[in-house]
Amino acid sequence: MGFMVGTKVARAPVALVGPAARPPTDAVVDVVSGVDHVLALTAGGQVLTWGCPEKGRLGRMRKQDADTQDKEEVKALLPQSLTPTALDLGGRVPTAVGAGAFCSFLVCGNEVLAFGLNNYSQLGIELGDGKGVLQEGREVYTPVRVDSLSGKGVAALDGGEHHTLALTKAGRVLAMGRPTYGRLGRPDVDPESDEPVWAPGAVPDVEGAVVVFAGLSTSAAVAGDGRCWTWGSNTSMQLGKSGSAPNADEDEHTPFLLKGGKRMQGKRVTSVSFGGQHSALVAVAGGGGDDANGGGARKRARA
């Protein structure tokens, strides 16, 4: 779809939002993206969206425009979809933004707003009557309050293809959406089931989390002391389990406390990123040795 009308590949940095953009906006303090849509949060509390509008992920286009398959209509709508445009939030001031592959989230005080694809209840909204593409609540085209997450102290969210992780101010992790491969990390749901799980539930054994990460069918959480837990699909050993372990390539249905071996001694994890079937992490000096990377008393966190 490209970054702007007439440009599908940006071969050099382009200012789309911020003081250097045309027209200029407030300074941008956070940017998140899904498969092909972007949200930017400004210092003034505005949220600008742009990219592919399908299934409501931009939160500002009518269903008939967002989902049109007519090539001429899509072309005519490009200035609207590809121009960073502020959402009308009715006076709410967001403090955080999050994105899944095809959906978006805003944290506004103690409220969580969401929009976009909800085919596996990854927005935390229960699906209604109907089947397939006609099922009620399958797509949300404007920001709506998520009752199941609001009032729970949610500070940040990150989404995968069909699931979402919510991080609370108390360091707890909540998960909802598609349960297959164990990506929700919850023992109260069946990882062999493909039924949507709309009600957010706590991910066990994760303590003091400060950031969460969701891949296509994988999940991770990092604590302030550098401990890192991963769970979900592990078909390509993307969860970081030891290759010598007897279950090295098996999925993890509940959080696995990452053990880094000698290379991780004295280091702490600060960030994780998932690709399609691989992952990467950033570790910096200053960790707590073996205990911070899966040894010692922390072994109880391995479910």
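Two strands pair if DSSP finds at least two bridges between them. The views below come from a predicted model.

**Figure 1. Strands β9 and β10 form a hairpin.** Three residues lie between the two strands of this hairpin. Strand β9 covers residues 154-159, and strand β10 covers residues 163-168. Their pairing is antiparallel and is made over five bridges. Strands of a sheet pair through backbone hydrogen bonds, either parallel or antiparallel.

**Figure 2. Strands β10 and β11 form a further hairpin.** Here four residues lie between the strands. G171, in the turn, has a positive phi of about 85 degrees. Strand β11 consists of residues 173-177, and its antiparallel pairing with β10 runs over five bridges. Within this pairing, A166 is found opposite L174 in β11.

**Figure 3. Side chains of strand β10.** Is β10 mostly covered or exposed? Strand β10 is mostly covered, with six of its six residues buried. Buried means under 20% relative accessible area. In a regular strand the side chains alternate between the two faces of the sheet. In β10, H163, L165 and L167 point one way, while T164, A166 and T168 point the other way. The residues pointing either way are all buried.

**Figure 4. An open sheet of four strands, β13 to β16.** The strands are arranged in the order β13-β14-β15-β16, and their pairing is antiparallel. Strands β13 (209-214) and β16 (252-257) stand at the edges with a single partner strand each, so one side of each has no neighbour in the sheet. From one strand to the next, the twist averages 15 degrees. Strand β15, made of residues 228-232, is joined to β16 by three bridges. T230 has F256 in β16 as its bridge partner.

**Figure 5. An open sheet of four strands, β1 to β4.** The order is β1-β2-β3-β4, again with antiparallel pairing. Which strands stand at the edges? These are β1 (28-33) and β4 (85-86); each has a single partner strand, so one side of each is left without a neighbour in the sheet. Five bridges link β1 to strand β2, residues 37-42, in the antiparallel sense. The bridge partner of V28 is T42 in β2.

**Figure 6. The largest pocket, between two domains.** Rolling a probe the size of a water molecule over the atoms shows where empty space is left. The largest pocket holds about 290 Å³ of space. It is lined by 19 residues, of which D158, G159, A214, G215 and F274 are the closest to its centre. Strands β9, β13 and β17 (267-274) are the elements that each give two or more residues to this lining. The most comes from β17, which gives three residues. By class, eight lining residues are nonpolar, nine are polar and two are charged. Why does the largest pocket lie between domain 1 and domain 2? Domain 1 (25-151) and domain 2 (158-286) both give residues to the lining, so the pocket lies between them.

**Figure 7. The second largest pocket.** About 220 Å³ of space is found in the second largest pocket. Fifteen residues line this pocket, and those closest to its centre are L16, R22, P23, T83 and P84. How does the lining of the second largest pocket divide into nonpolar, polar and charged residues, and how many are in each class? There are 12 nonpolar residues, two polar and one charged.

Technical notes
Residues numbered from 1 in each chain as written. Predicted model: local features only at pLDDT ≥ 70, side-chain atom pairs only at ≥ 80, totals over all residues. Heavy atoms only, no water. Axes fitted to C-alpha atoms, helices over the stretch in contact; angles between N-to-C directions. 1 Å grid on protein atoms, 1.4 Å probe; cavity = no way out; pocket = protein on both sides within 12 Å on 5 of 7 lines; lining within 4 Å. Points joined across faces, edges and corners; volume = space filled by probe spheres on them. Nonpolar A, V, L, I, M, F, W, Y, C, P; charged D, E, K, R; others polar. Domains from an automatic or database assignment. Buried < 20%, exposed > 50% of the residue type's maximum accessible area, 1.4 Å probe, protein only.
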